[in-house]
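User: Hi! Could you walk me through a few features of this model?

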Amino acid sequence: MDRAAIVHDNFLRRVASGDLPGGNAPDSALPPELAVSIYRSACLTRALDRTSRAMQAAGQGFYTIGSSGHEGMAAVAAALRPTDMAFLHYRDAAFQIQRAGQVAGQTITWDMLLSFACSSEDPISGGRHKVLGSKALNIPPQTSTIASHLPKAVGAAYSVGLARRIRPEHQVLPDDAVVLCSFGDASANHSTAQGAINTACWTAFQKVPLPLLFVCEDNGIGISTKTPDGWIAASFAQRPGLQYFHCDGLDIYETFRVAREAAEFVRTRRKPAFLHIRTVRLYGHAGADVPTTYLSKAEVEADEANDPLLHCVRLLDNAGALTPEDALAIYQSTCVRVDRVAQEAVTRPRLQTAEDVMASIIPPRREHAPTNGTAPEERAAAFGSDLKAADQPQIMSRLINFALTDLMLDHPEIVMMGEDIGRKGGVYGVTQKLGQRFGRARMIDTLLDEQSILGLALGMAQNGLLPIPEIQFLAYLHNAEDQLRGEGATLPFFSNGQYTNPMVLRIAGLGYQKGFGGHFHNDNSVAVLRDIPGLILACPSNGPDAVRLLRECVRLAREEQRLVVFLEPIALYGMRDLHAAGDSGWLGTYPAAGEHIGFGEVTTTGTGEDLAIISFANGAYLSHQAQRVLEAEGISARVIDLNWLSPLPDEALLAATGNCRHVLIVDETRASGGIADALMTIFAEKDAAKRPVARISARDSFIPTGPAYAATMPSAEQIIAAARDLLGATR
């Protein structure tokens, strides 16, 4: 017999016969009416789990990872406020159900059944996934089973104190809010969870406000791998800066009391706490999982004998809040009601087309109150002596610094964060003086953990701030890329656009560094960024265009709530000359206010019709060198700078090539999976003229240190040779 049916039959039989498990007496902290409410939420949780399995068996449901055994989370919800943002473990249906009872106008049974049925009317994901979440309940949707939501919970908690000082226009959380994030005992071992908890401790140790409640639901097993007895307590009870609480999640009275104490500690002390809740896992991991294949029957039955609903019935009876007969009637009527509602939910419409599915990848626009901008005297005070320098030709890194200064002056909700960006001024000096100009509240020096840097930004965006995080080197992003893929980009997708993660992530990257290198500091692969739906990737080749692009990136994040990556080519940060030493051909002046490169626009230099050279970043620099040599040989060429690497500017690119008779693509990323692959496809599929097209790409290699730093990547000489070959073969 299915374990869900066994647990159900056991509950009916044991309550009817009075065969209830023993335990402590009910705590007086929980009022009778609230205790009954928590029990009702627990019954609904159980009924939904059972019905989800029946729906799947009938081909009408698509998710069966249930919450049975974790019903005590309803008591945690009762101890918190609906204004406390909650990033929930996937077994926390009881929490969401209980919170729904705290907010008027909710139809939680109907909503969750629509989610089980993947109906397009599901109010959180629009039928894209079975996720817990609700805008009305302040629960951003989560799909993670590995605690990847913990870093952004740290960021959201950090934003509560910061918002008191900055007051973002779109602030969501009240000043006394607590942020909750829950996860399982197995997930607590994941590097993401460990990093987030360490970041919280590191922050609190420095007496920085961080009102965050970690909730670890310890059912003793992760799918089939057991958690050693005592491991969670031993790991977290003595962490510096983290207050530890423990309760038995089978006892809703004790759980409510301890959860309320933990929440009060966090709310009043503005410090993080760790609530360790004992739970059991009923039914196995998911619908297809058979726990007796890796646990003994005795172990499975022991957990079933500790059914939290049976403990609830005993406690409610002992407290005089509800008789076992009435408790049984509530359970049975709840099961009947859920089955009845499910019959209607499975008839509701579902997503049908690719367009339907993808409609929420791009988030909605967000309106802002009009502003008069920064007063001239305020700008002059911030820039100081750099105000005159902005009128003189400058290197790229300095122009980016000027742009960031203006953007932070114009938009007080912008906050930057990253390792070394404040006091040191960034790994390449790009953020020099910004710490003095805007203070430590807006220029945050973080610990060395890329997951925590991105999580801090993602969480801040949940509270109306506009984060500009920095990852020092492109190769280091790989330590944390799932924060963009699995958390940032999926949030609007799984919330039907109700939740977003607007930000501009700055990354120093690409190759061609002469004196400092190796594959960790020179990474010429952007495939992981181009593979994320909805993410925008911008990349400049010179200082003035870097300013224009950065302005547009901030506009996209601020007004269109987009997740944007601004990839800055390290080797061009300090580039001065183009053709010969001392020619200052790659310096530029600071663009006037309002100048920008629109999303999807390319930049064209020259009007030659023989050849269009398409490139970006270092490749664009090299292409300009090649252009002059080719012109001297009688080959008229134009250089087209892509600016936008994802999505590629197809229409603008085809228009910019115009009447050119040949096309040469210069791609400093690797031949396999590089930009050139996609560009070749564009011309193969969309170019009506069917012009001859060739490409140069970097070799499929890591980048070495030393004199061979550029040996595997395109050079000006290679571009010239490829152009000659292309035109020679077709003339």
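User: How many bridges join β8 to β9?
Analyst: Happy to start there. This is a predicted model, where local features need pLDDT of at least 70, side-chain atom pairs count only at pLDDT 80 or more, and totals for chains, interfaces and linings use all residues. Residues are numbered from 1 along each chain as its sequence is written, and side-chain values use heavy atoms, leaving out hydrogens and water. Strand β8 (residues 243-248) runs parallel to β9, and the bridges joining them number 6.

User: Which residue of β9 is the bridge partner of Tyr244?
Analyst: Strands here are DSSP runs of E with at least two residues, helices runs of H or I with at least four, numbered from the N terminus. Two strands pair if DSSP finds at least two bridges between them. The partner of Tyr244 in β9 is Phe274.

User: Which residue stands opposite Phe274 in the pairing of β5 with β9?
Analyst: Strand β5 (residues 212-218) pairs with β9 in the parallel sense over 6 bridges. Opposite Phe274 stands Phe214.

User: Is Thr705 buried or exposed?
Analyst: Thr705 sits in the loop between β21 (693-698) and α26 (716-730). Buried means under 20% relative accessible area, exposed over 50%, and partly exposed in between (1.4 Å probe, protein chains only). Thr705 has 57% relative accessibility, so this residue counts as exposed.
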